[in-house]
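Open the model in your viewer and keep the selection panel at hand. The tour has two stops.

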Amino acid sequence: MYDIIIVGGGPGGIFAALQAKKVNKRFKIIVLEKGRSILSKIKVSGGGRCNVTNATFDPKELILNYPRGGKELISAFNQFQPFDMIKWLEKRGVSLKINQDRKVFPTSNSSQTIIDCFLKEIKNSNIQVRCNQNIENISKKNDLFEIVLDTREIILGKKVVLATGSSSDGLKFAKELKHSIDPFLPSLFSFKIKKTDILKLSGLSQKDVEVSLKNSPYTQTGSILITHEGFSGPSIINLSSLGAKLLHEKKYQLILIS
Ligand SMILES: Cc1cc2nc3c(=O)[nH]c(=O)nc-3n(C[C@H](O)[C@H](O)[C@H](O)COP(=O)(O)OP(=O)(O)OC[C@H]3O[C@@H](n4cnc5c(N)ncnc54)[C@H](O)[C@@H]3O)c2cc1C
């Protein structure tokens, strides 16, 4: 019987386990990972160097990078933000460097440094980790969560954290536990436009262009790139994220104002 069962051994699940131990050292915690090893995505992150955080220390500025989740994230960032992450890693002997573009990397230039730090912490915190675990279903009976593995083993826990990253498994479990799920929508895409002469300028980019979706509150200023079928570049990509819901509702037929 566990206090907390964490499903998924990516950085999200592993950090959640470590932070929970910080709240109460006596918590009995287990991480159930489907794959052969935990933290596998960190290995390839940042081209193998792991861009571990960003040196933007004002939560109000930080949330501007999350066009549709800023409001929800502000209280989280007020509790733990990139500055805390840097301090957390440095306290554990990880030396970091901040690039001019504010990206933060280990000075070793190796994502393995971050993996090793997390693995050491997990070991020292007495958190159980089990890889190659296939969960068949998760249910809640009375006040306890029951996790059934494909081996028929049953694991009981008072709390479950679903940290399955972008895997659809987490959604399936959340639905089974009666959580409501917002439908997925495309985001972070370029815009296609009707054929006009402007497409002849394909390859041209321009800085500091204000773009907005007509009859919407969504506006972005930044670089744009004219492509062979429309517009791309940071301001367009961000605008697609800001207006993801509206664009979907309007079947991607909107007027772009520049
Ligand atoms: C090529 C690449 C480069 C990247 N570079 C960076 C970077 O430099 N900096 C950065 O911040 N981010 C980077 N990212 C993004 C970053 O890797 C992710 O944001 C991060 O891994 C998300 O962590 P997570 O724990 O939420 O999910 P994941 O890392 O996806 O972990 C989820 C875990 O859950 C497990 N799982 C799934 N289903 C089940 C199940 N049913 N039962 C048990 N376990 C399950 C998976 O096997 C996985 O181990 C990069 C991503 C990629 C692909």
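Predicted model: local features only at pLDDT ≥ 70, side-chain atom pairs only at ≥ 80, totals over all residues.

Residues are numbered from 1 along each chain as its sequence is written, and side-chain values use heavy atoms, with hydrogens and water left out.

**Stop 1: the ligand**

Select the ligand and its shell.

Next, display polar contacts (N or O pairs within 3.5 Å). The side chain of K41 puts an N or O atom 2.9 Å from a ligand oxygen. At N51, a backbone N or O atom is 2.8 Å from a ligand nitrogen. A polar side-chain atom of S167 sits 3.4 Å from a ligand nitrogen. Alone, the ligand exposes 1000 Å², and the protein buries 65% of that (Shrake-Rupley, 1.4 Å probe).

**Stop 2: the sheet**

Colour the open sheet of 5 strands, ordered β10-β13-β12-β11-β14 with antiparallel pairing. Strands are DSSP E runs of at least two residues, helices H or I runs of at least four, numbered from the N terminus; pairing takes at least two DSSP bridges. β10 (191-192) and β14 (256-257) are the edges: each has a single partner strand, so one side of each lacks a neighbour in the sheet.

Now select 205-213 and 219-226. These are β11 and β12, antiparallel over 6 bridges. Find Q206, opposite I224 in β12. Finally, show helix α8 (234-242), which packs on the sheet and touches β10, β11, β12, β13 (230-232) and β14; contact means heavy atoms within 4.5 Å.

Conventions
Axes fitted to C-alpha atoms, helices over the stretch in contact; angles between N-to-C directions. Polar contact = N/O pair within 3.5 Å; in protein donor to acceptor, adjacent residues only side chain to side chain.
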